[in-house]
Amino acid sequence: MRYRLTFIAGLALGYVIGTRAGRERYEQMKKSARQFAQNPAVRNTAESAAQSGRDLAGKAYHVVSEKVGEKVPASVTDRVRSLRDRGRNGEDDWGTSNT
């Protein structure tokens, strides 16, 4: 019983010390990530990558829709048309304007 109690006490102490150290390290990593995300170079790169992704997705969408064309059932074609029309009104799926 004595060994079991010693083991449980050591386990509890290790947990408390580890949790405190882990929390400090977590806060440090969170601060570093926030500083990295707020860096203007990182923000510009992320935005240009997102814009490139949107442009490539739009091109791929048009290429696929041209190649598949009439081989798709009418119900699917209607949905694709509605998606195509939604993209022409200046709003993309992310809620930002294309212009």
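Trainee: Which residues make the nonpolar surface patch?

Mentor: Patches are made of residues with over 30% relative accessible area and no salt bridge, like charges being joined within 9 Å and nonpolar side chains (Val, Leu, Ile, Met, Phe, Trp, Tyr) within 5 Å. Here Phe7, Ile8 and Leu11 form a nonpolar patch of about 340 Å²; accessible areas come from the Shrake-Rupley method with a 1.4 Å probe, and for residues only the protein chains shown count as cover. This is a predicted model, in which local features need pLDDT of at least 70 and side-chain atom pairs count only at pLDDT 80 or more, whereas totals for chains, interfaces and linings use all residues. Residues are numbered from 1 along each chain as its sequence is written, and side-chain values use heavy atoms, with hydrogens and water left out.

Trainee: Is Ile8 buried, partly exposed or exposed?

Mentor: Buried means under 20% relative accessible area, exposed over 50%, and partly exposed in between (1.4 Å probe, protein chains only). Ile8 is partly exposed because its relative accessibility is 48%. Ile8 belongs to helix α1 (residues 2-38). Across the 99 residues of the chain, 1% are buried.

Trainee: How many helices and strands does the chain have?

Mentor: Helices (H or I, at least four residues) and strands (E, at least two) are DSSP runs, numbered from the N terminus. The chain has three helices and zero strands.

Trainee: How many salt bridges does a search of the whole structure find?

Mentor: Side chains of opposite charge can pair when their charged atoms come close. A salt bridge is a side-chain nitrogen of Lys or Arg within 4 Å of a carboxyl oxygen of Asp or Glu. The search finds two. Glu27 pairs with Arg23, their closest N and O atoms lying 3.0 Å apart, and Lys30 pairs with Glu27 at 3.8 Å.

Trainee: Why are Lys30 and Glu27 separated by about one helical turn?

Mentor: An α-helix has 3.6 residues a turn, so residues three or four places apart point the same way. Lys30 and Glu27 are about one turn apart because three residues separate their positions in helix α1. Glu27 and Arg23, also in helix α1, are four residues apart.
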